[in-house]
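Me: Please look over the assembly shown below, and then let us go through the contacts between its chains one question at a time.

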Amino acid sequence: MRITNFLFDKVGKWSKQFSNLPDRYIKRAMEQVYWRNPKGIQYKPNAVVKRKKYHFSVHRPWTGEFRQENSPGRLHPKVFVEPIKEWSFFRGDRVEILVGKDKGKQGIIKQIFQERNWVIVEGLNCKLKQIGDDKEFSGVYIQEEKPLLVTTDVKLVDPSDLTATTIEWRFTEDGDKVRVSTRTGRIIPIPASVEETIDYKTKATYLEQPKDTKADAVTEITFEPKLATFEMDIMEKMGIKDDRVPPKSFWY
Amino acid sequence: MSTRLYPIYQKGGPQLRVFLPNFWLKLVRPPHEQPPNVVVFSCSMEMTTFDIRNYLEKIYNIKTVDIRTRIHMTKTRKDPGKGYVVKDDDIKYAYVTLPKGESFEFPDLFPKKDDKEEGDDQKALKAAKQGYQEFLDKNKDRPNMPGWFTV
Amino acid sequence: MANLRVMCKLLKNLNISNVKAHSIPSDRRYKNWGAQEVKSGRSWKKEELRLKSNSDLHKYVLLKERNMLLTMEEEAKAQIQLFPSPERIDKVEDSMENLESVIRERNVAYHKLETGRTGERPYKMSKNAFGLRYRHEMSEYTMPKHMNKDWYEEFRSYKHDRYTEQFLLKYREKSYVSKRRQQIRDFNHVIHLLNRFPDMDMQALKEQYPNVDIEKAKASRKYGGHFAPK
C-alpha cells in the first residue's frame, strides 16, 4: 500500500465525527470494487481492481451523492490540499470570515470537511440556489452556505476581546493540549459541541435505544479467572463430559 | 487452538464441537414455490446439512425433519469497458422441512405505506408554487400590462 | 399467527447488541419492519468484553442479530427497498471480532501457562510456486509429512529454476517501477504544493510526504514559476 494514496483516501477524523458511524461502514460504503482475484494459486493473491482516487466535496463519503459524484468513469480535476499539521477548527467554534461578501462577520462552524480543509459557517458565505423549478413555476430560491478554506478564508475568534486571531497549540502546566491566541496569549477553549453527534448532544444525554445494553450491565464484572480454555469452560457449564484423548496429529 | 478452526476427527478422539460458529444463515423468499412447511435459507458455503440442523436446533430451538442443500451458480458477466470477467459469489440454499402441521410464509418486511408522508420541504415547495400561481392569476387581466408587472 | 413461529425466532428484535439475552415483550417484535431508520448504540469494545465470563460471551446474541440483519438486507435488495441503517451490520461485525479476540486472548493465556506455546494455528513463512514468500498456515494431518504423498503433490517444494528466476526479475522490476513512479508523482505534487501555497507549514509537508526531499524539490526548475523581477 502506498502511503500517500492511503493518506488521501482516508476520511478525516473530524469529517466523520458527527455522523457517529463505524469506520468499517464508511470504508464499505465508499469502496468501489470492480473486480477481485478469485481464490486459488495466484501470483497476486489479493489483487483488486477498484477506484483509487476519490473526489471529496461537500458530500459525505457514505452518501449516494458521493457515490454519484465518484461513479465509475467519472473523473475530476486534481485538487491540491495544503497539508495542515494539526486540525484546529471544530464544530461550534466562533470564527471570523476574511473573504467574500460576509468579510468581517463572525459565525459558528457548522460542518467540517477535513479532506478539503473546508468548514461551513452557519448562515454566512451563502449563495442562492434554485430548487423545484419546472415549466410553469420558476422555483424557490434558498440560501446555501458555501465552504470556506480554513487556511486562508477564516480565522478563529479570541473569546477575550472577540477579534480574529491566529492560534498555536501549547501545553498547559497540567499537560493538557490547548489552543492559545498568539496575540493575547489567552486560551481558546474547545467548544462542548465537539463531542456532539447525530445521535446525541453529549454522551451524558444519550437516549438509550431498545436494543442497547444498560450501562451497569456493561460494567458488571462476571469474569472469574479459571485454568481452562473457553471451550473447556463452556463444556463444563453445559455438563458435557468427554474424557477421550485426541490421537496424535501432525501439523505441517 | 483457535476457536474458529475445525479440528480433524480421528477414530477414538473426542467428539468435535463448534462453540463459536462463523456460520451465517439468511432467511430468503423461496425461488420456486414450496410446500407450506418448507423454509428456504441461504447459508454460508462451509455449512453441511448437519451443521444447519444443529445450528437451527441449538441456537434457534427449531426442530427440523429434513434438510437439503443445493449450490446455486451465479452468472458471469463481462465488464463493459475493460472486458474482464466478473462472477458473483455462488449461493448455497438450504431447504428445511419443518415437522408436520407447522407452516411458514415469508412475511412482508417492507410494508407499503398508504398515506404519502410529505416532508416539510415538500410542503413548503407546494405552498410556494400555489402562492406563485395566485399571484399570476391576480395580475392576469389588467389591460395593457404584462402579467408579471406589479407594484 | 402460526406461520410466523419460525420468523419470530429469526427476526424478532432481540436485545441484540447485548451479550446477555433478555426476554422481549412480544409487542416490540415487528416495530422495525418498514422503518426508515433504526437507531442503535455503538459496538462492544474489547475492554468491556474482558469483564464478561465465558458463558456470558457464549449467548449467540450477536450471531442472531447478524442473521436478522442479513435477512433484512437480502429482502430489501429483492424488494428494491432501502435497507434502514446498514451500519448496524458493521457494528455487529466489529463486536463479534472483538469478542473473538477476547476469547483468543484467554485461550492463549491458558495454553502459554500450561504448554509454553500459544496454542494458535501454527504458520511458517514459505515460498510458493512463483518463488514469492507467503505465510503458510499449517494444517492438521493424521500422518506425518514424509508419509503423506498427496501433500507432497499439492505443496511441492519450491524449485528455483530458470523460469522462476525470469518471472521474479520481471515481478521485482514491476514493483520497483511502480514505487519509483509513485515517488516521482509525490515529488511533482510537492512542487505544485510549494508553488500554490508558499506560506505552507513545512513540517506538515514533511510529515505527509516523508520520502520527498523538499530541498531538492525547491531546486527543481518547476519550482518558482514565472515571475518578473522587481
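Me: How many residues does the contact take from chain C and from chain B?
Reply: This is a predicted model, in which local features need pLDDT of at least 70 and side-chain atom pairs count only at pLDDT 80 or more, while totals for chains, interfaces and linings use all residues. Residues are numbered from 1 along each chain as its sequence is written, and chains are lettered from A and ligands numbered from 1 in the order in which they are written. With two residues in contact if their C-beta atoms, placed from the backbone, lie within 7 Å, the contact takes 34 residues from chain C and 28 residues from chain B.

Me: Which element gives the most to the side of chain C that touches chain B?
Reply: Helices (H or I, at least four residues) and strands (E, at least two) are DSSP runs, numbered from the N terminus. Helix H1 (5-11), helix H4 (61-79) and H5 of chain C each supply at least two residues of this side. The most, 12 residues, comes from H4(C).

Me: Which element gives the most to the side of chain C that touches chain A?
Reply: Here 54 residues of chain C are in contact with 38 residues of chain A. The elements of chain C that give two or more residues to this side include helix H5 (87-115) and helix H7 (162-196). With nine residues, the one that gives the most is H5(C).

Me: What is the bridge partner of A:Trp251 in S3(C)?
Reply: Strand S14 (residues 250-251) of chain A pairs with S3(C) in the antiparallel sense over two bridges, where pairing requires that DSSP finds at least two bridges between the strands. In S3(C), the partner of A:Trp251 is C:Glu140.
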